[in-house]
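Let's read this structure together, one feature at a time. Bring your questions, and we will work from pairs of charged side chains to the sheet and then to single residues.

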Amino acid sequence: MHRRPLPATAHPADPTRPSPETLAYSLTLPAALASPALARAATRAFLAAHGLRDIMDAALQAVGVLTAAACQFTESPDFYLALRYRGGAFRVIVYDRHPRHTHPRLTAACDARRRAALRVLACVCRACDGDWGFGESREPGAGTRMWATLPRVSATEYGAGSSALEPA
């Protein structure tokens, strides 16, 4: 009996080599002490594959701080990490399930704790002429969205000077 070969998939694999513009990864990681190191290792591999080694230092610092904060604040066993390169900038978004508080004093206290946990991220973004923030997640499941945007041009220079992490 002769069997016919299986048909090709409707969406064959893209043969295009990775480039900065094709960097788009999403990961769900456990809210565990090892996750920031795993996130940095994965980011290192993604950046290298996409020809973005020049922003490695700044990107790894941002990913490490954001994922550590997610592990600290989330109320679930995992959190979500998205890495993108668009418009000449590396973007990191982390969603954790820590809900926004309804009482104004609790909101202010929680925001102050989160801002303190992200202090190094603020310094990295300032050194890279980038941007960062956090707020209520627009994704289903609520929680908090934290993010950083690092322009490639200035992130390339990160770490070259000794004052990159000194407070302004």
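This is a predicted model: local features need pLDDT of at least 70, side-chain atom pairs count only at pLDDT 80 or more; totals for chains, interfaces and linings use all residues.

A: R152 belongs to helix α5 (residues 152-155) and D54 to the loop between α1 (35-49) and α2, so the pair ties together parts that are 98 residues apart in sequence.

Q: Is R152 buried, exposed or partly exposed? And what about D54?

A: R152 counts as partly exposed, at 23% relative accessibility. D54 is partly exposed too, with a relative accessible area of 31%.

Q: How many salt bridges does the structure hold?

A: The general idea is that side chains of opposite charge can pair when their charged atoms come close. In this structure there are 3 salt bridges. One of them joins the side chains of D78 and R97, at 3.7 Å from N to O. D78 sits in strand β2, and R97 in the loop between β3 (89-96) and α3 (104-117), so this pair links parts that are 19 residues apart in sequence. D78 is partly exposed at 25% relative accessible area, and R97 is partly exposed at 45%.

Q: Which side chain meets R114 in a salt bridge?

A: That is D96, at 2.8 Å from N to O. R114 lies in helix α3 and D96 in strand β3, so the pair ties together parts that are 18 residues apart in sequence. Both R114 and D96 are buried.

Q: Let's turn to the sheet. What is the order of its strands?

A: In general, strands of a sheet pair through backbone hydrogen bonds, either parallel or antiparallel. Here, an open sheet of 5 strands runs in the order β1-β2-β3-β5-β4, and the pairing is antiparallel. β1 (24-30) and β4 are the edge strands, each pairing on one side only. From one strand to the next, the twist averages 15°.

Q: Over how many bridges do β3 and β5 pair?

A: β3 and strand β5 (residues 144-151) pair over 8 bridges, in the antiparallel sense. To follow one of these by eye, find R91: its bridge partner in β5 is T149. Helix α4 (residues 119-127) packs on the sheet and touches β4 and β5, and its direction makes about 30° with that of β5.

Q: Where is W132, and which residues does W132 touch?

A: W132 is in strand β4 (residues 131-136). Not counting residues up to four places away in sequence, W132 touches R115, L118, L121, A122, C125, W147 and A148. Take A122 as an example: A122 and W132 are 10 residues apart in sequence, and their C-alpha atoms are 6.8 Å apart. W132 is partly exposed, with a relative accessible area of 23%.

Q: What does the side chain of S76 reach?

A: The side chain of S76 reaches the backbone oxygen of D78 at 2.6 Å. It also makes a polar contact with the side chain of T74, at 3.3 Å. Setting aside neighbours within four places in sequence, S76 is in contact with A31 and R97.

Notes
Residues are numbered from 1 along each chain as its sequence is written. Side-chain values use heavy atoms; hydrogens and water are left out. A polar contact is a pair of N or O atoms within 3.5 Å; within protein, one must be able to donate a hydrogen and the other to accept it, and residues adjacent in sequence count only if both atoms are side-chain atoms. Contact means heavy atoms within 4.5 Å. Helices (H or I, at least four residues) and strands (E, at least two) are DSSP runs, numbered from the N terminus. Buried means under 20% relative accessible area, exposed over 50%, partly exposed in between (1.4 Å probe, protein chains only). A salt bridge is a side-chain nitrogen of Lys or Arg within 4 Å of a carboxyl oxygen of Asp or Glu. Two strands pair if DSSP finds at least two bridges between them. Axes are lines fitted to C-alpha atoms, for helices over the stretch in contact, and angles run from 0 to 180 degrees between N-to-C directions.
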